[in-house]
Structure formats: structure tokens, C-alpha cells
Amino acid sequence: MHRIINDIQIIIENAMKEKLPEVSSDVLEENGKVYYMNGKNGTEFDWFVNNHLPTFMVFYNDEKNLGAVKATVYTDGWIDLYLYDENGEHLAKEVQTQLDIDESDLLKLAVCLRCNADDKRIWDAAIDRIESDVFTDDDALAEFLNNRQYYEPSIRRKELMGKLCVVSKKITRDGWKVGFMLREELHDDEDSGWQFFAGDEDDEYINNVENVELCKVYSIAGIDPVVINHIDSPVGTRLIRKSSEEFEDDKKQPAFMERWKSV
């Protein structure tokens, strides 16, 4: 597995030489060492839920310690690189390339990193601290793949985030948070079934197509993150906002209303 890690490092170094030629190693953390950033989600979560490994980073060595390079390696071998100049303050270039490897070998690398970084509690460390030149046996591979079951709720939640929902313009235009949310039968594979309202709309308002719109669920979750806690609830769910941070089953009680933006 050391070969793949080495290939990733070479891709990062070559991208820096080409796209950030003015950045010398002496202004970088540990002279430009590449770090494996598994401290937020962990290798298994990112592999199964986000379809990539935790990011590989190079950092500037100053007080802010911002990134110079962020490399995301996807499960199919594609790599997205983001290169930052001005000590990490400005995105200078985006680059996409691909590793010349089989997807099965990249899976084995994920298993290796889980076993030799995550399991050994080595978090957000330079890659030379991680023992990566080791054999991945069948038992470790089977355990890794079996663990996918524990991430199924997160996988479903992420899939729902990219689907369509109906939303009242009192939320998107007038700046109210979600006060009432219900999930109906899905119309097609792109439909989440979710409908979001501020909570005080009457039938006349809702039945006017000019007052509602379609958008992706992640757009609503972005302005009102509390809805994420309920996003994988089943069809038939009807929830009323109880407070800033809570929803409860709809029993025709008034919704707690609060703005997400001032108008």
C-alpha cells in the first residue's frame, strides 16, 4: 500500500510545483509533509458515506495554519485537488486527476488506513507516521465491508439531502425557519417526499403555486440544520416545531416560529 500513498504524495507535490511555484517548503508545516485528516469522521465513515477517503492536506506553517493543498481521493480513484496561495486565504487552482490503480487496491488502502491509523488512534497525522506498507488480509477486508451496515442511516440521510422537496416561499423568500414539515409518498426517484412550511400558511396560500417552489433538501438543511435530525423519518411523518431546536408530532398545535434571517 505504500506505493499508492507515495503516488498520492507525488501528485500533491507536482501540483504544488506547477500551480504554487512561489510557495517554498520552508513556509509549510514540517517542510511540506502530507497529513491524513481522519480526525473528523474516520476512514470508514468517509469511505461509505462520502465515497472518498479522508482528505490529504499540506499546511502553511504560521499562526493560522491554513491549508496549502487539500486532496480528496474518491473510491473510484479520481482525485480533486484544491491549491491555496496567500498563506491559505485564497483558492488559487482546482485540479482533477486520477490514480492509475484498481478500485480493489484503493479499497485495500482504505482498510489499511483504518487499521493502522484509526484503530491505533493516529489522527490527522503526517502520512509517514502511519504504517501503510503492510498486507491487508481477507479477514480485515471482510470486517471493513461488513461495517458498512453501521453507516446505513448516514448513507440514506445523505441520499435524501440530494433529492427534491416542496418548500414554502415564507421560508426561502421571507426568512422563516421550518415550522411544519411532512413527508408524503414519493413521486419518483428524485423526490424526497418532504414538504416544508413556515407553519402559519393557510390553504389559500399553499394552493397558490406562486407561493411554493422545488429545491434540494440540503438547501433547507443548510438554513435550518435542525430538520436533519428528522430527515430520514418515514412517509406519513408530520412534525411541528416546538422550539428553536425541537420538533414534535403534529397534533394541530401552533408552530413555534422563528426567523433564520432578518428582513
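What share of the contacts in the chain with a separation of 6 or more comes from residues 24 or more positions apart? The share is 61%. Contact here means heavy atoms within 4.5 Å.

This is a predicted model, in which local features need pLDDT of at least 70 and side-chain atom pairs count only at pLDDT 80 or more, while totals for chains, interfaces and linings use all residues. Residues are numbered from 1 along each chain as its sequence is written, and side-chain values use heavy atoms, with hydrogens and water left out.

## The whole chain

The chain has eight helices and twelve strands. Both are DSSP runs, numbered from the N terminus: helices are H or I with at least four residues, strands are E with at least two. The C-alpha atoms fill a box of roughly 65 × 45 × 30 Å, taken along the principal axes.

Of the 263 residues, 43% count as buried. Buried means under 20% relative accessible area, exposed means over 50%, and partly exposed lies in between (1.4 Å probe, protein chains only). The accessible surface of the chain is about 14,300 Å². Carbon and sulfur atoms hold 45% of that surface. These areas come from the Shrake-Rupley method with a 1.4 Å probe.

The chain carries 31 positive and 55 negative charges. Their mean positions are 4 Å apart. Lys and Arg count as positive, Asp and Glu as negative; His and the chain ends are not counted. Each charge is placed at NZ of Lys, CZ of Arg, CG of Asp or CD of Glu.

## Two nonpolar cores

A nonpolar core is a set of buried Ala, Val, Leu, Ile, Met, Phe, Trp, Tyr and Cys residues joined through side-chain atoms within 4.5 Å. In soluble globular proteins, nonpolar side chains tend to be buried together.

The largest core here has 43 residues. Those with the most contacts inside this core are Ile12, Met16, Leu53, Phe56 and Leu106. Several elements each supply at least two of its residues, including α1 (2-19), β2 (56-59) and α4 (138-146). Helix α3 gives the largest share, seven residues.

Take Phe56 as an example. Leaving aside neighbours within four places in sequence, Phe56 is in contact with residues including Ile5, Ile8, Ile12, Val69 and Ile127.

## An open sheet

Strands of a sheet pair through backbone hydrogen bonds, either parallel or antiparallel. Two strands count as paired if DSSP finds at least two bridges between them. Six strands form an open sheet in the order β5-β4-β3-β2-β1-β6, with antiparallel pairing. Strands β5 and β6 stand at the edges with a single partner strand each, so one side of each is left without a neighbour in the sheet.

## Around β9

| Strands | Bridges | Direction | Residues standing opposite |
|---|---|---|---|
| β4 and β5 | Eight | Antiparallel | Tyrosine 84 and leucine 91 |
| β7 and β9 | Three | Parallel | Valine 166 and glutamine 195 |
| β8 and β9 | Four | Antiparallel | Phenylalanine 180 and phenylalanine 197 |

How many of the seven residues of β9 are buried? Seven of the seven are, so β9 is largely enclosed by the rest of the structure. Asp191, Gly193, Gln195 and Phe197 point one way, while Ser192, Trp194 and Phe196 point the other way. In a regular strand the side chains alternate between the two faces of the sheet.

Serine 168 sits in strand β7 (residues 164-168). This serine counts as buried because its relative accessibility is 0%. Not counting residues up to four places away in sequence, serine 168 touches Phe196 and Phe197, among others.

In helix α5 (residues 152-161), Ile155, Leu160 and Met161 are buried. Their cover includes α2, β8, β9, β10 and α8.

## Two residues with positive phi

Most residues other than glycine have a negative phi. Glutamate 86 has a positive one, near 50 degrees. Glutamate 86 lies in the loop between β4 (78-85) and β5 (90-98). At 55% relative accessibility, this residue counts as exposed.

Arginine 121 also has a positive phi, near 60 degrees. Its place is the loop between α3 (103-118) and β6 (125-126). Arginine 121 is exposed, with a relative accessible area of 64%.
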